[in-house]
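Let's take a walk through this structure together, one piece at a time. Have the sequence and the 3D view open as you read.

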Amino acid sequence: MAYLAFYRMFRPDTLDKVVRQEHIVKILKNQIESGKIGHAYLFCGPRGTGKTSVAKIFARAINCEHPVNGSPCGECETCRAIGKGGNLDISEIDAASNNGVDEMRDLREKVQYPPVAGKYKVYIIDEVHMLTASAFNAVLKTLEEPPAHAVFILATTEPQKIPATILSRCMRFDFKLIPQADLEGLLNGILQKIGKEYEDEAVSAIARAGAGSARDTLSIADMCVSYSSGKLTYSDVNAVLGSADFFEIARAVDCILADNAQDALSEVEKILAGGKGVGVLVKDILNYLNNAAIVKMCKDSRQILNLPSERYDSLKKSASADGHKILRCTEILAKAESDMRYASDGRITLETAVLKCSLPQSDYNIDALISRISAVELKISQGNFAVKPQENTPSAEAKTETRVPLQEPFRAEEKREEKPAEKLEEKPAERPAEKPEEKPEELHYSFKKQRPTARPPLWNGEEADVFGGSGSSSARPKSADGGLLGKLLKALRTTNKNAVLFTLCMDLSTSFEGDKLILTTESDTVYKGLTRADNNKFLSETLLSLGVTGFEIRSGKKQNNVAQAIDKLKSNFEGTDIDIK
């Protein structure tokens with residue numbers, strides 16, 4: 001007899017031997033035992049998960065005279081006739097090659113004939129999504145209302161390509177990928193049956209390469225058994241899969257994670273020079289990074305990966321790197337693998353990705369910045385990093401001195417008033433008038449030139465008149481607080497509660513009585529607004545941050561300065577017509 005591949009030799013012949021898919025097996029068993037057989041089934045799912053195998057078992061079971069636990073007994077005449085392969089009651093149709101309307105019309109005609117030996121005539125249509133639209137339409141009515149003896153089983157890997165009219169007429173079963181642990185158990189049993197010695201790590205590697213498909217797993221195992229003359233080892237599996245040497249990959253990844261671009265590129269070039277393909281190398285690096293992430297995040301990573309101890313120790317060393325850096329490198333290389341499909345030279349794409357991974361300082365991606373910050377934090381925590389002040393950087397004492405006027409502005413003002421006070425004692429006659437009424441000429445000029453309407457911005461900290469500009473012709477005296485009002489407005493402007501208080505404080509004038517700051521306003525509205533409990537509390541906190549520990553808000557209504565000036569002009573020039581504009 002010709003040699004049979006593993007996936008054909010060890011194909012399950014009963015529902016109990018199907019690997020996983022318990023949710024499907026249980027439903028089919030119950031239908032067989034109760035005799036409630038549907039007329040159309042749709043088996044869909046990834047390749048190698050048992051769709052065709054379950055369809056064949058189900059077809060034999062519903063025709064079996066004495067099914068055992070929902071599976072064919074294999075001993076009755078029907079089972080023996082089906083086993084010989086000459087039974088006409090079970091037909092397998094490959095829709096990939098019989099996808100025309102003529103084939104479906106022929107099927108529609110044949111389905112009318114009753115079964116020869118069994119109770120049901122079963123049609124297994126594999127890769128049904130390959131049928132044309134006309135072929136689907138030809139079989140549609142028959143699929144909806146077939147004869148009582150007909151059962152259709154449609155199998156596909158792409159159910160989204162099947163028309164909704166077909167899907168709605170079928171009982172759908174979704175097959176799932178098989179977990180690695182179940183694939184390992186399947187391989188262990190097969191290798192023991194054929195008498196092949198093996199390493200557990202080799203079986204785990206084959207199961208991981210199978211990626212959830214039993215057929216792919218058995219195909220890889222078939223090659224590995226043929227390659228290995230003695231005991232099946234982990235190295236044999238890597239050689240069959242064409243993977244690069246594990247420790248060469250480990251050195252390359254360690255250089256990438258250490259931001260050593262030169263050595264990382266050298267290691268990659270060394271592996272490529274050994275004859276490994278660019279696509280295979282990218283997959284190997286991604287697989288290594290994925291395993292490193294598992295080691296870093298999972299407590300039972302040793303059981304999950306099931307690697308030899310020296311390989312696991314290498315992964316554990318690589319996993320000590322920052323998690324953001326591992327994630328960033330994985331994303332960059334995954335994108336590079338996708339870009340290689342459209343690149344004329346995949347080697348350049350790979351080398352560019354490696355350089356990008358190992359040069360985070362040239363990448364403005366958020367993950368690159370986080371990894372750089374984490375590296376600095378790690379060095380600081382280990383005591384391997386110290387911040388040295390530059391020579392032209394001002395010392396801490398100098399910085400402290402520059403902050404004193406902001407913390408205690410009234411004390412600085414007192415110091416500036418000491419010397420002028422001595423001069424005032426010597427020449428009291430030259431002391432400037434405090435009241436605007438004593439300087440009518442300035443009021444006259446201010447009145448003639450322009451009416452004060454706009455208030456200058458004071459958040460630059462300059463000493464300026466609050467009401468009438470920075471010139472000396474203002475009707476109000478200048479602020480004598482060293483720019484404190486400007487700083488207050490600036491603080492209010494940059495806070496959440498800025499709109500109302502900022503507007504109210506624009507109408508204030510300031511002075512000091514000892515250490516107490518006096519805020520004066522002539523507007524009842526401003527006075528009432530600032531003396532409200534919530535506004536007063538917030539204003540107190542803001543002034544405290546500027547170094548003012550005590551303040552008072554006063555209302556000082558006075559006659560309008562312009563009106564005073566007009567009255568004075570009229571009294572000085574009686575009998576003269578004064579045109580006021």
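Start with a spot where two helices touch: E201, A202, A205, I206, R208 and A209 in α9 meet Y234, V237 and L241 in α11. Sorted by class, the residues of this contact come out as seven nonpolar, no polar and two charged. Helix α9 covers residues 200-210 and helix α11 covers residues 234-241; their axes come within 7 Å and cross at roughly 30°. Angles under 35 degrees count as roughly parallel, and α9 and α11 are therefore roughly parallel to each other.

Before going further, keep in mind that this is a predicted model. The protein chain has an average pLDDT of 78, and 77% of the residues score at least 70. Confidence is highest in strand β1 (residues 40-44), at 95, and lowest in helix α22 (residues 440-449), at a mean of 38. Over residues 389-429 the pLDDT is below 50, and this stretch has 27 contacts in the model beyond near neighbours in sequence. Residues 435-480 also stay under 50, and for them the model has 71 contacts beyond four places in sequence. Where pLDDT is low, the predicted coordinates should not be read in detail.

Back to the helices, with another pair to look at. Helix α8 (residues 180-194) packs against helix α10 (residues 214-227) at an angle of about 40°, and the axes are 11 Å apart. That angle makes α8 and α10 oblique to each other. As for handedness, α8 passes α10 in a right-handed crossing. On the α8 side, the contact is made by L183, L186, L187, I190, L191 and I194, while α10 brings A214, T217, L218, A221 and V225. What classes of residue does the contact of α8 with α10 have? There are 10 nonpolar residues, one polar and no charged ones.

Now move along to helix α12 (residues 246-257) and helix α13 (residues 261-273). These two pack at an angle of about 155°, with their axes 8 Å apart. Angles over 145 degrees count as roughly antiparallel, and α12 and α13 are therefore roughly antiparallel to each other. Here α12 passes α13 in a left-handed crossing. The contact involves E248, I249, R251, A252, C255 and I256 of α12, together with D263, A264, E267 and I271 of α13. The residues of this contact divide into six nonpolar, no polar and four charged.

Strands of a sheet pair through backbone hydrogen bonds, either parallel or antiparallel. Five strands of this model form an open sheet in the order β2-β3-β4-β1-β5, and the pairing is parallel. Which strands sit at the edges? They are β2 (90-94) and β5 (171-174), each pairing on one side only. Direction ignored, neighbouring strands of this sheet are turned by 15° against each other on average.

Strand β7 (residues 516-521) pairs with β6 in the antiparallel sense over five bridges. Look for S511, which stands opposite I518 in β7.

Notes. Residues are numbered from 1 along each chain as its sequence is written. This is a predicted model: local features need pLDDT of at least 70, side-chain atom pairs count only at pLDDT 80 or more; totals for chains, interfaces and linings use all residues. Side-chain values use heavy atoms; hydrogens and water are left out. Two strands pair if DSSP finds at least two bridges between them. Helices (H or I, at least four residues) and strands (E, at least two) are DSSP runs, numbered from the N terminus. Axes are lines fitted to C-alpha atoms, for helices over the stretch in contact, and angles run from 0 to 180 degrees between N-to-C directions. Angles under 35 degrees count as roughly parallel, over 145 as roughly antiparallel, 65 to 115 as roughly perpendicular and the rest as oblique. A crossing is left-handed if the near helix is turned anticlockwise from the far one by less than a right angle, and right-handed if clockwise. Contact means heavy atoms within 4.5 Å. Ala, Val, Leu, Ile, Met, Phe, Trp, Tyr, Cys and Pro count as nonpolar, Asp, Glu, Lys and Arg as charged, and the others, Gly among them, as polar. pLDDT is the predictor's confidence in each residue, from 0 to 100.
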